[in-house]
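Welcome! Here is a short briefing to read alongside the sequence and the 3D view.

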Amino acid sequence: MSPNGEPVLTAGDLRAMKQRGEKIAVLTAYDASMARQCEQAGVEVLLVGDSLGMVVQGHDSTRPVSMADMVYHTSHVARARQRALLVADMPYQSYADDTRALENGRALLAAGADMVKLEGGGPLVNRIRQLVDNGLPVCGHLGLLPQSVAGPDGYKVQGRDADAARQMIEDARALEQAGAALLVLECIPRQLAIQITESVSIPTIGIGAGAECDGQVLVIYDLLGITPGKRPRFVRDFLRELGPDKGIQEAIVEYVRQVKSGEFPQPAQSYQ
């Protein structure tokens with residue numbers, strides 16, 4: 001239940017959306033005000049991403065983000081959310097061993113998260129299984145793994161050669177078998193994302209992975225065009241495209257509409 005007693009969307013609800021072909025709209029949120037804007041626009045999943053290290057704190061990677069940072073921002077979003085499923089990133093090194101993973105995962109759930117997200121494939125299978133067995137719902141993350149990137153030059157498309165693609169498909173299946181309920185696919189070729197989405201029964205959420213994923217996620221500041229520096233090709237500035245007479249709420253509504261209709265992402269925002 002949310003703070004106002006409303007029923008919150010569950011992983012089962014998202015799986016049912018996948019089964020009936022209904023796209024899932026996901027956005028990052030780092031504070032109560034933006035969480036309300038997203039929910040009012042119809043966003044089904046709020047992600048408290050460690051991307052806050054770059055777009056909020058001004059670092060050049062997500063690595064400096066601490067557990068205290070994640071608990072702090074997760075608690076703000078949790079106070080505001082009404083119905084959306086709330087996923088929180090486990091930051092760099094916070095799940096480096098089984099003990100830390102369980103302790104830190106529980107801290108994020110205590111702060112109000114419904115699910116925690118971990119980056120990585122095969123080596124994390126047993127860790128994810130341990131979390132799930134202890135009652136912590138898990139979202140996996142394959143493709144580009146920002147916590148493994150030391151600086152902006154390392155942000156590159158993943159899974160382009162046959163061996164890497166095959167391994168990613170195997171990892172996706174292994175994460176599902178370990179109990180992961182959701183899977184983010186970041187910066188991978190569209191055809192690989194299609195293969196993974198068809199290979200697992202859990203919903204896939206794409207970011208730079210093509211329109212055929214079961215849902216899409218963007219960093220909210222990217223959607224609003226206020227992230228400084230060079231932007232990835234999969235980013236769309238929905239606020240600018242709507243024109244000067246429109247505001248934040250209208251931009252988020254348009255994002256949700258285009259995700260639902262399959263208009264976003266376009267081929268120009270995908271990798272072949």
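Helices (H or I, at least four residues) and strands (E, at least two) are DSSP runs, numbered from the N terminus. By that count, the protein has 11 helices and eight strands. Its radius of gyration (taken over C-alpha atoms) is 17 Å, close to the 19 Å that the globule rule (2.2 Å times the number of residues to the power 0.38) gives for 272 residues, so the protein is as compact as a globular protein of that length.

This is a predicted model, in which local features need pLDDT of at least 70 and side-chain atom pairs count only at pLDDT 80 or more, while totals for chains, interfaces and linings use all residues. Residues are numbered from 1 along each chain as its sequence is written, and side-chain values use heavy atoms, with hydrogens and water left out.

**Overall fold**
- Along the principal axes, the C-alpha atoms fill a box of roughly 50 × 45 × 40 Å.
- Of the contacts (heavy atoms within 4.5 Å) between residues at least 6 apart in sequence, 63% join residues at least 24 apart.

**Inside and surface**
- Of the 272 residues, 56% are buried, meaning under 20% relative accessible area, with exposed over 50% and partly exposed in between (1.4 Å probe, protein chains only).
- Carbon and sulfur atoms hold 50% of the accessible surface, which comes to about 11300 Å² by the Shrake-Rupley method with a 1.4 Å probe.

**A look at Ala-16**
- Ala-16 sits in helix α1, which covers residues 11-19.
- With a relative accessible area of 26%, Ala-16 is partly exposed.
- Pro-203 is 187 residues from Ala-16 in sequence, and their C-alpha atoms are 9.1 Å apart in space.
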